[in-house]
Every structure is written in structure tokens, then in C-alpha cells.
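Hi,

Here is the structure I promised to pass on. Have a look at it first, then read my notes below.

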Amino acid sequence: MIEHLLVVVLLAFLAATAIAVIRLSNLYAAVMLFGIYSLLSASLFLVMDAPDVAFTEAAVGAGIATVLMLTTLSLASDRENEKPLRRGQPLKLVVVAVTGLALAWGTLDLPGYGDPDAPAHSHVAPRYIEDSPRAIGIDNMVTSILASYRGFDTLGEVAVIFTAGLGVMLLLGRTISSGSRSKSGGRKHGGSKSGD
Amino acid sequence: MGESTVGASPVTNQPVLRVTAKVLIPLIMLFALYVQFHGDFSPGGGFQAGVIFGSAVILYGLVFGEQRAARALPPGLLRWLACGGLLLYGGVGLACIASGGAFLEYGILTENPVDGQHLGILLVEVGVGLTVTSVMVTIFSVFAGRRQA
């Protein structure tokens, strides 16, 4: 009962935060609200007994993503470009409403929360639960699944993170990789990159 | 604004912020190590630990200036660590092949398959942690360095 209440309150806060983000034109405030949104999601995951996911959401969503957004804003403007509100475009409203209803209709096919007959719980999960204490012998089953059973997936995830860092370095990293902070020096495709 | 660096920004002159950060940063780093090496028993693992450790470094950079953070963890070192983490992960997989198993079949690494799983998972998680930490810090410092340029 109390858990249901908690979930309802958290979901209401989530919806309120999302609406506030849409309505704000100050982007700094919007970024802070996104951080709160992530923190609320993390609490929701925790209520749903997924501490590993909650952990990641809190650290990445509320922590790193907020800092990265803020540094981006310090490079760009912190105000949204105000577009004059145009009224009388019912087509857009229809498209949004139909898409939303279609998505909501799609969720009706999903198995209920915690349904033991759900495909996710009846496919390989029983094998993980029965075999992993004996075959891998690690208390945290999530770790054995992520690092061992699904080790190849996790390798791919690490490669994705590495690629993201590589992309950012290649696109923006010239200025700090050259020791001097001269504006023109950073443009050159020089050998100073490997200097440090 | 061309002359100003992060080190001279108003945020670094806040004594409350500096003292709080000084107390918190070692604890955050310690917690990151706990999450890294206790991931076998409690929630967490290399990914979460890497992000937490990265946020400790980013907090240091925010409060004490990006240049001091870069002196503690030079960008070149971070690049090596980012590659090293991924290579460590892949290397464990190749070591399994070399020992006669399949890619990432940790059980083959030692006599006792369970010990092999433990060793493999530990090494792989260290690799994940290294790559995640260094990529997070690198992305932040690249953005912050862009602001100064």
C-alpha cells in the first residue's frame, strides 16, 4: 500500500517536472529540473527493487549529464530562442494526440509489473537464478549477468562509451590537447596532440 | 572574457564550496572504489564506480579550476587509460581464447572455473571502470577547455 502511494507520488512529481521543463524558457533552470527528473526516476527504480539501475540513473542522469549540459550552456546561450506562439494549428494537436494514444495503447500489450509469466522472467532468467550461484559464485546476480553471461554486450557498451569520448575529443578537443591555448594553434592538424 | 580561466571564475573563490568539496572529494573517491570492488556483493560495478570517480574529479575541476584537475590527471594519461580499459576488457577475452576457451569464457582462466569467473569479472570490471572514468573526465575537460579558448 505504502509502496503504491510512493510510486504514485513519484510519478506525479515526474509529470510535474516534465511539464515545468517544457514551459521554462530559462535553460539553466530546465537543466536543473532535468537533474531532478533523473533523481526522481532513480527513486522510482529503487522502489521497483532495481538498485543497480537506480545507481546508474542517479550518477549519470542527475550527476554527469547535468554537469555536461551546464558546460554546454556556458558555451552557448542560456535562453531559448523565443518563437512567437502560433495558434490555430489543429493538425499538430491531432498528430500529438494520436501518437500519444497509440503509445498508450501499445502499453496495454505489455505484461503486468512483476508478472511471473512475463517473457523476461520465463526465458533465460530462471537459468541465471538457478545456475549463477554455483557456476559463477557471486552474490550480486546482476554483476554475474552483466559481466559474464552478457559479457559481450558489456564489452560493446564500453566500446560505445569509448567511441563517444573519442568523438568528443576529435570534434572539440583540439584546443586543450595543445598545451598553449592559442585560438589559431588549436585548428592545426599538428603533432602537438601526442605531446602529453 | 577572453582572459578569464575557470581557475579565476567566481565559483573558485567561495570558501564554503572549497571546504565542502575538499571534505567530500576523498569520500566520493573512496565510495567509488567501494562500489568498484564490492560490486560482487552489493549493487554497482565498474560502470557506476567509473561515473562516481569521474564526478569526484569533475567536482574538483569545477571548484578548484580545470587546470589543477588537469595537473592531477593529465589529458594524455586519461587517453591512455580510456584505451587501456577497453583493451583490458578485450584482452581478457583474448586470454580466454588463448587458454583454449571461447571469447570471454572466464572459467577457463584458472583450474577452478568459479575462481576463473571471479578473476575474469574482476579484471573486466576494472577495465570498465577505467574507461568510464577517463571518458567522463575527458568529455568534461574538453567542454570546459573549449569555454576558456
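In α6(A), the residues A:Arg127, A:Tyr128, A:Ile129, A:Asp131, A:Ser132, A:Pro133 and A:Ala135 meet A:Met141, A:Ser144, A:Ile145 and A:Tyr149 of α7(A). Contact here means heavy atoms within 4.5 Å, and helices are DSSP runs (H or I, at least four residues) numbered from the N terminus. This is a predicted model, where local features need pLDDT of at least 70, side-chain atom pairs count only at pLDDT 80 or more, and totals for chains, interfaces and linings use all residues. Residues are numbered from 1 along each chain as its sequence is written, chains are lettered from A and ligands numbered from 1 in the order written, and side-chain values use heavy atoms, leaving out hydrogens and water.

(Ala, Val, Leu, Ile, Met, Phe, Trp, Tyr, Cys and Pro count as nonpolar, Asp, Glu, Lys and Arg as charged, and the others, Gly among them, as polar.) The axes of α6 (residues 125-135) and α7 (residues 141-149) of chain A come within 10 Å and cross at roughly 85°. Axes are lines fitted to C-alpha atoms over the stretch in contact, with angles from 0 to 180 degrees between N-to-C directions. The two helices, α6(A) and α7(A), are therefore roughly perpendicular (65 to 115 degrees).

Within α6 of chain A, A:Arg127 and A:Asp131 sit 4 residues apart, about one turn of the helix. Their side chains form a salt bridge (3.5 Å, N to O), meaning a side-chain nitrogen of Lys or Arg within 4 Å of a carboxyl oxygen of Asp or Glu. The structure holds 2 salt bridges over all chains, but the count between chain B and chain A is 0.

Now the interface. Chain B brings 48 residues to the contact and chain A brings 44. Together they bury about 4,400 Å², 75% of it on carbon and sulfur atoms; buried area is the accessible area (1.4 Å probe) lost on being put together, summed over both parts. On the chain B side, B:Arg79, B:Phe143 and B:Arg146 lose the most area, together 15% of what that side buries.

Cheers

How values were computed
Buried area is the accessible area (1.4 Å probe) that two parts lose on being put together, summed over both. Angles under 35 degrees count as roughly parallel, over 145 as roughly antiparallel, 65 to 115 as roughly perpendicular and the rest as oblique.
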